[in-house]
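The sequence and structure are shown first.

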Amino acid sequence: MNAQDTQPKVMRESKNKIRVDFERTPLLERLKAKFLSVYFLKNVVWYIFRLILLIGIAYVVLFPFLTKIASSFMAPEDFIDVTVRLIPKNFTLDTYKAVLSELGYWKSFVNTFTLSLSCALIQMFICSLIGYGFAKFRFKGNGILFLLVMLTMIVPHQTLQLSMFMTFRYFDIFGIFQFLAGGGITLFGETFLEGVIDIIPEKTKLAEIWTPYGLNLCNTYAPLIIMSITGLAFKNGLYIYMLRQFFTGVPDALEESAYLDGAGTMRTFFQIILPLSVPMMITVFLFAFCWQWTDDFYTTMFFTSTKTELLVKIVGIPSSLKIDYSGQNLYYAAIRNTCGLVIILPLVILYLFCQNFLVQGIERSGLTAD
């Protein structure tokens with residue numbers, strides 16, 4: 001028997017002997033050895049440091065939300081009472097009742113939910129398809145195209161604001177409207193577009209968007225839907241990057257096996273790849289849904305009409321809460337904060353039910369370090 005065969009036995013017997021000797025030691029000596037050692041003190045100091053650090057970070061992050069939540073339950077007189085800090089003296093729900101009933105919250109909720117759900121589903125599928133193409137197919141210009149995708153994450157959206165607005169204000173694919181308006185096709189002595197405009201019933205949605213210079217798609221869902229379909233919507237560059245990172249980690253053997261069984265590219269994508277990427281797709285869906293829900297850049301740019309009912313446009317002062325007193329500015333700020341709270345409340349509830357999918361998807365996306 002060599003030394004390697006006896007070493008584990010010797011080590012096991014030594015550990016047993018040390019444990020027996022330690023148990024036979026008086027209790028006071030054992031407590032001194034355990035709690036008065038340098039190793040124990042280092043662990044205690046490190047634990048206290050982490051605890052204080054986490055409490056400080058939590059305070060910085062949560063305190064603004066706590067103040068907004070507390071002020072939403074305060075009556076007007078609490079804002080001029082210097083003794084009131086976080087706990088209201090005159091607890092009231094009047095602010096919430098006025099916001100929900102007078103600002104059209106529920107109709108705006110339905111409209112925002114419809115728009116966010118549609119955009120999120122489209123972006124989830126389109127970005128999955130684009131990310132899969134970048135991850136698994138090598139073609140000429142692959143790197144340049146992916147660089148352009150990354151540029152969509154870098155270029156400020158304000159830089160493209162005017163061009164995007166004019167594109168959808170006079171939406172004209174391949175200059176078709178300009179050709180028809182210039183007399184390319186005549187109808188009973190008029191240009192084709194003039195003839196069409198004459199027969200469109202007034203006070204209809206089509207009459208509002210049909211112009212000789214193109215379709216006016218502002219104040220409709222069309223701009224956001226079109227941008228989602230083309231992969232150019234808000235944060236789509238990030239979604240494509242996340243899905244590309246995920247699909248890069250999928251073994252090529254799965255696709256090769258599907259190809260050997262006679263499956264084509266699209267069938268492999270739908271039957272093999274997509275079922276494996278459900279957590280990642282749910283993560284992208286949640287990001288897209290939440291960002292569209294709270295978006296005010298594109299919403300303000302494309303929805304210029306005051307009649308548009310979306311949640312980001314309900315931030316205001318209900319008529320029943322308009323008063324004139326010394327604490328008016330603080331009170332009005334609390335009302336606007338309450339509007340923000342009722343806007344993000346559905347997202348908080350959504351996160352509580354989907355947080356496991358969100359964490360799992362981010363871990364698999366390659367955005368975190370091992």
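## Leu224

Leu224 has a relative accessible area of 5%, so this residue is buried, the limit for that class being under 20%. The model is a predicted one. Helix α11, which spans residues 222–229, holds Leu224.

Which residues is Leu224 in contact with, leaving aside its neighbours within four places in sequence? They are Leu115, Cys119, Gln292, Tyr298, Phe302 and Phe303. Between Leu224 and Cys119 there are 7.1 Å in space, C-alpha to C-alpha, although the two are 105 residues apart in sequence.

## Gln292

Gln292 belongs to helix α15, residues 278–294. Its relative accessibility is 10%, and Gln292 therefore counts as buried.

With neighbours within four places in sequence left aside, the contacts of Gln292 are Leu115, Ser116, Cys119, Leu224 and Thr299. Leu115 and Cys119 are also among the contacts of Leu224.

## Helices α14 and α15

Two packed helices are described by the angle between their axes and the distance between the axes. For α14 (residues 265–276) and α15, the axes come within 5 Å and cross at roughly 70 degrees. The two helices are therefore roughly perpendicular to each other, since angles of 65 to 115 degrees count as such.

On the α14 side, the residues that meet α15 are Leu274, Pro275 and Leu276. Their partners in α15 are Val278, Pro279 and Met281. Sorted by class, this contact has six nonpolar residues, with no polar and no charged ones.

Methods: Residues numbered from 1 in each chain as written. Predicted model: local features only at pLDDT ≥ 70, side-chain atom pairs only at ≥ 80, totals over all residues. Heavy atoms only, no water. Helix = DSSP H or I, 4+ residues; strand = E, 2+ residues; numbered from the N terminus. Buried < 20%, exposed > 50% of the residue type's maximum accessible area, 1.4 Å probe, protein only. Contact = heavy atoms within 4.5 Å. Axes fitted to C-alpha atoms, helices over the stretch in contact; angles between N-to-C directions. Parallel < 35°, antiparallel > 145°, perpendicular 65-115°, else oblique. Nonpolar A, V, L, I, M, F, W, Y, C, P; charged D, E, K, R; others polar.
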